[in-house]
Amino acid sequence: MSALNQLTIAAARDALRKGETSSAELTEACLSAIEGAGALNAFVHKTPEIARERAAAADARIKAGDAPSMCGIPVGIKDLFCTRGVPSQAASNILKNFKPEYESTVSEQLADAGAVMLGKLNMDEFAMGSSNETSCYGNAVNPWRRGNDDTALTPGGSSGGSASAVAADLCLAATGTDTGGSIRQPAAFTGITGIKPTYGRCSRWGIVAFASSLDQAGPMTKDVRDAAIMLQAMCGHDPKDSTSADLPVPDFEAALTGDIRGKKIGIPREYRMDGMPEEIEKLWADGTAMMKDAGAEIVDISLPHTKYALPAYYVVAPAEASSNLARYDGVRYGHRAKLAQGDGITEMYEKTRAEGFGHEVQRRVMIGTYVLSAGFYDAYYNRARKVRALIKRDFENVFADGIDAILTPATPSAAFGLGEMADADPIAMYLNDVFTVTVNLAGLPGIAVPTGLDRQGLPLGLQLIGRPWEEGDLLNHAYVLERAAGFVSKPAKWW
Amino acid sequence: MSIDTDTARKVAHLARIAVKEDDLPALAGELSAVLAFMEQLNEVDVEGVEPMTSVTPMRLKRREDVVTDGNMVDKILSNAPDAREGFFAVPKVVE
């Protein structure tokens, strides 16, 4: 048996039920792995007391024979989730010392299922970023390296701490959130699995809002089965989120039959970008062949508005962010700037927000303010919402033609070096999300699965996109891809 | 659409973010670059397309208009930078 912190959720669950290990032992293994992994800067608030208390409670539950799948499983929680009495800062200085009096619905559901919270995970500030470099805690670091080169690489973002922690076996799994690719891109950069469910599957209540019409929570795990198990515990209707879907949650793990014979897999021609690295092309072609070998029918499809997804996203998301982040005014919680003699309330707002928000957040809030301002609302915001409707229609058309799932690369490259994009313009960083952002705009479920290594030994992933509310079917496609790819590589421990 | 220094100052003020006068030209440049990227949207024929209001076709739920909680002043004020006598405290707003 591998070290306890290296187990999958499924393996740990089975071992717990057989009495071969305890949640207390699993939890201690993870806590000591976390203690030894300061160099990764993944866990930014550790909660060992809460973890030990919950592990003991989970062990009692397992003993009593009342153990849901997540019972006793040690997990990390992205800092974007409000957790009662535990710092929840969205990696922003403006929420310094904020300790919520309430718990997010998703983290509450995980706790109710018996999951053990180990602490809070690093991320980009307010989930705005693709490299975890906008965090007030400093960069999270990818446990993977380019061969013997010790350049520190990004774990991706915004759920960079979650990705790093799962890939380095600091926890069995972690929560993430995904507004434009923030679960799938870091999952691909670190060789793990990450699923963003259909918009409305997971309650957004208690998750610090970035762009409310795009944000969704999801699990980041070591394999597809774990994604199914953990997603199950995170989903469900919540009256506290008016966009939460009042639909039954099927048994996702039971959907993993490994049989996709006769299914139609769409390969969208617009995702074949100019200048796409050969390795990504090959990864995609290999994945396509694997699906075909498994008995699926491969169909060339067109999603004609793909090119406009990123510009539409960079209107809609900042517009919503500028509204959502208006609440950080230095009055009710978080940071308030020291005021000079004679400063009034406007100076309080302006100084507080200048001190509390980092550069990328300020830029996005101002872009959002601009595109929503009088005279530009129609030209930018309404036009972007119309283009968004067309992007969604593209997907509806191919699904109406009988496509079951769409296969694409997850990212345009492998993980890059921290700081390497510092001088690039913001658009170059935004291109990281070129394959993932369409899925958020259309509200669809999408999953990233590791399927290969590049020539420098870094993981690469493919993305599968499913029909709305068909996460079970999507996970089954991912399960087939995972088994065919047989990706088992792990980063060599250097930290 | 390019943003000049005056527009950048106005946007910063609308967003209630203090930006130093010296930093405005650089900010204007950054905002212009992002807006130039968005110009691509003008290539799309959106004639007759309704702007998306909800990504999933569902009716917004309604709830009973009743009080479900209350009496938690301490909890609500527990994270306030300045709370006095059961209220949030701010600089003087009216002269």
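Reader: Hi! How many residues of chain A are in contact with chain B?
Author: Hello! 57 residues of chain A are in contact with 39 residues of chain B, where contact means that the C-beta atoms, placed from the backbone, lie within 7 Å. This is a predicted model, in which local features need pLDDT of at least 70, side-chain atom pairs count only at pLDDT 80 or more, and totals for chains, interfaces and linings use all residues. Residues are numbered from 1 along each chain as its sequence is written, while chains are lettered from A and ligands numbered from 1 in the order in which they are written.

Reader: Which element of chain A gives the most to that side?
Author: Helix 12 of chain A, with eleven residues. Helix 9 (309–324), helix 10 (345–356), helix 11, helix 12 (377–400) and helix 13 (426–430) of chain A each give two or more residues to the side touching chain B. Helices (H or I, at least four residues) and strands (E, at least two) are DSSP runs, numbered from the N terminus.

Reader: And what's that side of chain A like by class?
Author: It has 30 nonpolar, twelve polar and 15 charged residues. Ala, Val, Leu, Ile, Met, Phe, Trp, Tyr, Cys and Pro count as nonpolar, Asp, Glu, Lys and Arg as charged, and the others, Gly among them, as polar.

Reader: Over to chain B, then. Which residues of helix 1 are buried?
Author: In helix 1 (residues 5–14) of chain B they are Ala8(B), Val11(B) and Ala12(B). Buried means 20 or more other C-beta atoms within 10 Å of the residue's own, with C-beta atoms placed from the backbone.

Reader: What do they pack against?
Author: Helix 11 (359–372) of chain A together with helix 2 (24–38) of chain B.

Reader: Nice. New topic: which residues does the "active site" annotation cover?
Author: The UniProt annotation, from an unreviewed entry, covers Lys78(A), Ser158(A) and Ser182(A). They span 105 residues in sequence, yet no two of their C-alpha atoms are more than 11.3 Å apart, so they gather at one spot. UniProt positions are given in the numbering used here, feature names are shortened, and annotations may be inferred rather than shown by experiment.

Reader: Is Ser158(A) buried or exposed?
Author: Buried, with 36 other C-beta atoms within 10 Å. Ser158(A) sits in the loop between strand 3 (116–121) and helix 5 (160–167) of chain A.

Reader: And where's Ser182(A)?
Author: In the loop between strand 4 (173–178) and helix 6 (184–190) of chain A. Ser182(A) is buried too, with 37 other C-beta atoms within 10 Å. Leaving out residues up to four places away in sequence, Ser182(A) touches several residues, including Ser158(A) and Ala127(A).

Technical notes:
Buried ≥ 20, exposed ≤ 12 C-beta atoms within 10 Å, placed from the backbone. Contact = placed C-beta atoms within 7 Å.
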